[in-house]
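This briefing goes through one protein model, topic by topic. Keep the sequence and the 3D view open while reading.

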Amino acid sequence: MKQNVFLRIKTFLLYASFIGIILVSLFSCKSKPAEPAEEDVPAADAQTPVTVTTIGQDALTDYTDLNARSVYLLKSFVKANINGYLRQVNVQPGKYVSRGQLLFSLQTKEARSIGNSINVLDSTFHFSGLGRIKATQSGFISELNHQQGDYVQDGEQLAVITDKSSFVFLMQLPYEMRAEVKEHQPVDLTLPDGEKLRGEVTLSMPTVDTLSQTQGIVVRVKAANNIPENLIAKARIVKSSSQHAQSLPKSAILSNETQTEFYVMKLINPTTAVKIPVKKGIETNDRIEILSPRFAAEDKIVVTGNYSLPDTAKVKIVQP
């Protein structure tokens, strides 16, 4: 009897211990703080890496490049003054001749046939039948039409002399740009071999090319060397300039899709950039003038990494 009671007590104690362990485990689980779900953890704000620059004060010039052709505006045509044979030719193509220099000597057909027979019969007659043609101006022989021994008619062209003093460059200016070129305006010319010349606008031709709708502008230059005719040079005319323009690199200027509005991204603190509308001025190969607003020297403007940045964007400045 006592053994049965002892076994029952022992069994009860085992059950009680087991239940106690379960209760302690449940209590421990409930007492632990609940961990937040992974999606409930707030993420840090994303920052776009950018590089920045400051406003510059530069001398900017806006210019236009056009073509200019070398020409001699004045040419003298040497013509025969009698019918006859060219007995003497003292010129060569490309040779420089002076005013009053003897160019050609002609002999009439009658004088060539009769010879000195008349002078033998009458020594006081002094018949020669020769005609002399001299240069009426100085210049280069650009064209020679006859050679010694040729028979020519009175008034027939023998040669062409180009007047050296009439040498100019004829710049082809689009008619819509006529307001940008004034008389006495300087023009920089660059020849195909790299030689640079300084020219000046003297006058405008009274005609316009039908196809290209360009007007010839006469640019007079002082060249140390003789320049051949029909040489094509690059002419540069200044449209506008500013000696102290506030400017930024081209990459710092952004625009809308239609390129009618322009803006920059300016830092208002080390991590925030905002849109600032700007008005452009002179544009060069790498910089753009900012007409408005006026920026301070210490203002930082985003120059790379600014594409598609929204207003009030979070950024991180990195070294270029």
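Rings of Phe, Tyr and Trp (its six-membered ring) count as a pair if their centres lie within 6.5 Å. In this predicted model, Y72, F167 and F169 form one aromatic cluster.

**Aromatic rings**
- The model has 4 aromatic pairs.
- F167 and F169 are an edge-to-face pair, because their planes stand at 80°, with the ring centres 5.6 Å apart, and planes over 60 degrees apart count as edge-to-face.
- F167 has 10% relative accessibility and so counts as buried.
- F169 counts as buried too, because its relative accessibility is 0%.

**Charges over rings**
- K275 places its charged end over the ring of Y263, 4.7 Å from the centre.
- K164 lies over the face of Y96, at 6.0 Å from the ring centre.

- In soluble globular proteins, nonpolar side chains tend to be buried together.
- The largest nonpolar core here has 22 residues, and F169, M171, V187, L189, V219 and I237 have the most contacts inside it.
- Elements giving two or more residues to this core include β2 (56–72), β12 (186–190) and β15 (232–249).
- The strand that gives the most is β11, with 4 residues.
- Leaving out residues up to four places away in sequence, I237 touches residues including Y63, L66, M171 and V187.
- Another core, of 15 residues, lies apart from the largest one; V78, V97, L106 and L158 are among its members.

**An open sheet**
- An open, antiparallel sheet is formed by 4 strands in the order β7-β6-β4-β9.
- Its edge strands, β7 (130–134) and β9 (151–152), each pair on one side only.
- β4 (residues 84–89) pairs with β9 over 2 bridges, and Y85 has Y151 in β9 as its bridge partner.

Technical notes:
Residues are numbered from 1 along each chain as its sequence is written. This is a predicted model: local features need pLDDT of at least 70, side-chain atom pairs count only at pLDDT 80 or more; totals for chains, interfaces and linings use all residues. Side-chain values use heavy atoms; hydrogens and water are left out. Two strands pair if DSSP finds at least two bridges between them. A nonpolar core is a set of buried Ala, Val, Leu, Ile, Met, Phe, Trp, Tyr and Cys residues joined through side-chain atoms within 4.5 Å. Buried means under 20% relative accessible area, exposed over 50%, partly exposed in between (1.4 Å probe, protein chains only). Contact means heavy atoms within 4.5 Å. Rings of Phe, Tyr and Trp (its six-membered ring) pair if their centres lie within 6.5 Å; planes under 30 degrees apart count as stacked, over 60 as edge-to-face and the rest as tilted. A charge sits over a ring if NZ of Lys or CZ of Arg is within 6 Å of the ring centre and within 35 degrees of the ring normal.
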